[in-house]
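Visitor: I would like to learn how to read the features of a structure such as this one, with the cut-offs stated as we go. Could we take them one at a time?

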There are 2 protein chains.
Amino acid sequence: MRCGVDVGGTTVKLGFVEGKKIVDSFSIVTKKETLFDDIFSKIVEYTKKNNIELESIGFGIPGIVRDNYIVKMPNIAISGIDLNVISKKYFPNVRIKASNDANCAALGEAICDTDNVKSSYFITLGTGVGGGYVYDGKVVDGVNCACGEIGHMFIDHIHNFKCGCGLSGCLETVTSATGIVRLAKKYYSEFETKIPAEMSAKDVFDCAKEGDQLGVFVLNMVSEYLAKALANLAVVVDCECFYIGGGVSKCGSILTDCIKKYYDKYSFYATKDTKIKLAKLGNDAGMIGASYL
Amino acid sequence: MRCGVDVGGTTVKLGFVEGKKIVDSFSIVTKKETLFDDIFSKIVEYTKKNNIELESIGFGIPGIVRDNYIVKMPNIAISGIDLNVISKKYFPNVRIKASNDANCAALGEAICDTDNVKSSYFITLGTGVGGGYVYDGKVVDGVNCACGEIGHMFIDHIHNFKCGCGLSGCLETVTSATGIVRLAKKYYSEFETKIPAEMSAKDVFDCAKEGDQLGVFVLNMVSEYLAKALANLAVVVDCECFYIGGGVSKCGSILTDCIKKYYDKYSFYATKDTKIKLAKLGNDAGMIGASYL
């Protein structure tokens, strides 16, 4: 049995995993002061109660982590934590490994893909846009732990919106949930629409499904930007497939179908057949991936 | 002793390599009809004459190669050659391995870098623009053998020149030797210049070194495009360093210095320190890299 921990800003998800299956899972509230002691205590409690011998514990961290040392978790305002030291207190003989949370989700999706995928790029569309690269069945962290920060590829010269990172025209500014709302508001007066003036990204794509003019316009625009980004990714790493995940992807195949239409237009001929798939594991991807680190 | 073979459109370079050093090298003319028999005969002749036992033979192929099978070499108009079969005739007990020529050059540069580089991206600026990705000390071929085809990243929305590949705005259209001349001709009448009307890329950058207005303008434009491409590469793979190689890079540090200036402007904060280096091995990179496959 392995344990995969997906650390989030409001809750931490713990999964006990056998093979590719989550046997049991728990959520605990993220408390900054006692975060990792809370996590390890819960694991100790579960393993003792069920008389389980753990093989390993993996952590998906929302931030920068290097050799199991957490450099920074911006959203939880925690930095400088050595997981090796903490884990020794609770599990002196269990292997542990930590990586970025998007990387863990990427690994989870790749491992649970029945197509036996060895190289893939995962794109998560949420409040921001992130990603993770899996090569030869393993996560690529990158020398600065910045591999997968594809939300900050330059992609939009048309609006060139300022990004939170300081740059302009980043993929994130036009394809995150926030970016989708930003575009819908920008073009709000130019189309007939049933989208409410104070909308969410879900409202925009729900309306697009029903043929709403503004909704369809924004869906196409977002998909075109994503397709351009994937076309660039494809020549850089030439992976087997792309996974589209995160909250925005819950709208389903309407998004991936639209991305595919533009991908065919913008992709280099040798990479035209790269598969574009909806991520399947949802919230479980992080736990499963972490357990495979 | 290992042998590295760099197959080119007009000549084939053969290097006999010990450690990281080329002990002996030969050039033979590329004859389409007898290409690989010529190559193997030369290797047999050399090894017999010098009483050498070969460990391995590596091939850098200007085209698509998969599991030692040459799918296509467009510039030599050869396709469908199984190197395993041919090599068995000459060297039944010697390991062979083939990869794309830009990948081999990338591997050569990485291996001969004294900084002990494990992950790097090589960009070659020649008639076209290509590249190669080395991760964990090994070449990444990609599922379509298209990894490194970064000449076909979309990068230029300003001129949006048509590319030979069928797309528009590709990096190659504005940063290859041909692309540099294309830009210089486009802006020829707008600046005072000593660059001849029928120029080469070398003329443009030679004049830039002397402060020529048009030359400096084009150098900056080319560097800005390259910097944007590198900034995107950095968030996708987050490698330790970039190598700038190919004929165009012979102009030296004036190019890499100018790229660095724009890279600092366009790169994501976490990847600002990624090194940008001039490739050092020149024509030997392919042979050395091939010998390390």
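Visitor: Is A:Lys89 buried or exposed?

Guide: Before the answer, a word on what is shown: this is a predicted model, in which local features need pLDDT of at least 70 and side-chain atom pairs count only at pLDDT 80 or more, while totals for chains, interfaces and linings use all residues. Residues are numbered from 1 along each chain as its sequence is written, and chains are lettered from A and ligands numbered from 1 in the order in which they are written. A residue is called buried if 20 or more other C-beta atoms lie within 10 Å of its own, exposed if 12 or fewer, and partly exposed in between, with C-beta atoms placed from the backbone. A:Lys89 is exposed, because 10 other C-beta atoms lie within 10 Å. This residue is in helix α2 (residues 83-90) of chain A, where helices (H or I, at least four residues) and strands (E, at least two) are DSSP runs numbered from the N terminus. From A:Lys89 to A:Lys32, 57 residues away along the chain, the C-alpha separation is 19 Å.

Visitor: Why does B:Ile39 count as buried?

Guide: B:Ile39 counts as buried because it has 24 C-beta neighbours inside 10 Å. Its place is in helix α1 of chain B, and, leaving aside residues up to four places away in sequence, B:Ile39 touches B:Val5, B:Val12 and B:Leu14, where contact requires C-beta atoms, placed from the backbone, within 7 Å. B:Glu172, by contrast, is 133 residues from B:Ile39 in sequence and 31 Å from it in space, C-alpha to C-alpha.

Visitor: At what angle do α1 and α2 of chain B pack?

Guide: Two packed helices are described by the angle between their axes and the distance between the axes. The axes are lines fitted to C-alpha atoms, for helices over the stretch in contact, and the angles run from 0 to 180 degrees between N-to-C directions. Here α1 (residues 35-49) and α2 (residues 83-90) of chain B pack at about 35 degrees, with axes 10 Å apart. Their crossing is right-handed, a term used if the near helix is turned clockwise from the far one by less than a right angle, left-handed being the anticlockwise case. The contact is formed by B:Phe36, B:Phe40 and B:Val44 from α1(B) together with B:Ile86, B:Ser87 and B:Tyr90 from α2(B).

Visitor: How many residues of chain B are in contact with chain A?

Guide: There are 33 residues of chain B in contact with 33 residues of chain A. On the chain B side, β10 (129-135) and α7 (213-237) each supply at least two residues, and α7(B) gives the most, with seven. That side divides into 21 nonpolar, eight polar and four charged residues, where Ala, Val, Leu, Ile, Met, Phe, Trp, Tyr, Cys and Pro count as nonpolar, Asp, Glu, Lys and Arg as charged, and the others, Gly among them, as polar.

Visitor: Which residues touch the most other members of the largest nonpolar core?

Guide: A nonpolar core is a set of buried Ala, Val, Leu, Ile, Met, Phe, Trp, Tyr and Cys residues joined through C-beta atoms within 7 Å. In the largest one, of 196 residues, A:Val204, A:Val237 and B:Val237 touch the most other members. Not counting residues up to four places away in sequence, B:Val237 touches residues of chain A including A:Tyr133, A:Cys147 and A:Val237, and also B:Tyr121 and B:Tyr133.

Visitor: What is the phi of A:Asp136?

Guide: A:Asp136 has a positive phi of about 55 degrees although it is not a glycine, and it is found in the loop between β10 (129-135) and β11 (138-140) of chain A. A:Asp136 is exposed, because 11 other C-beta atoms lie within 10 Å.

Terms used: Two residues are in contact if their C-beta atoms, placed from the backbone, lie within 7 Å.
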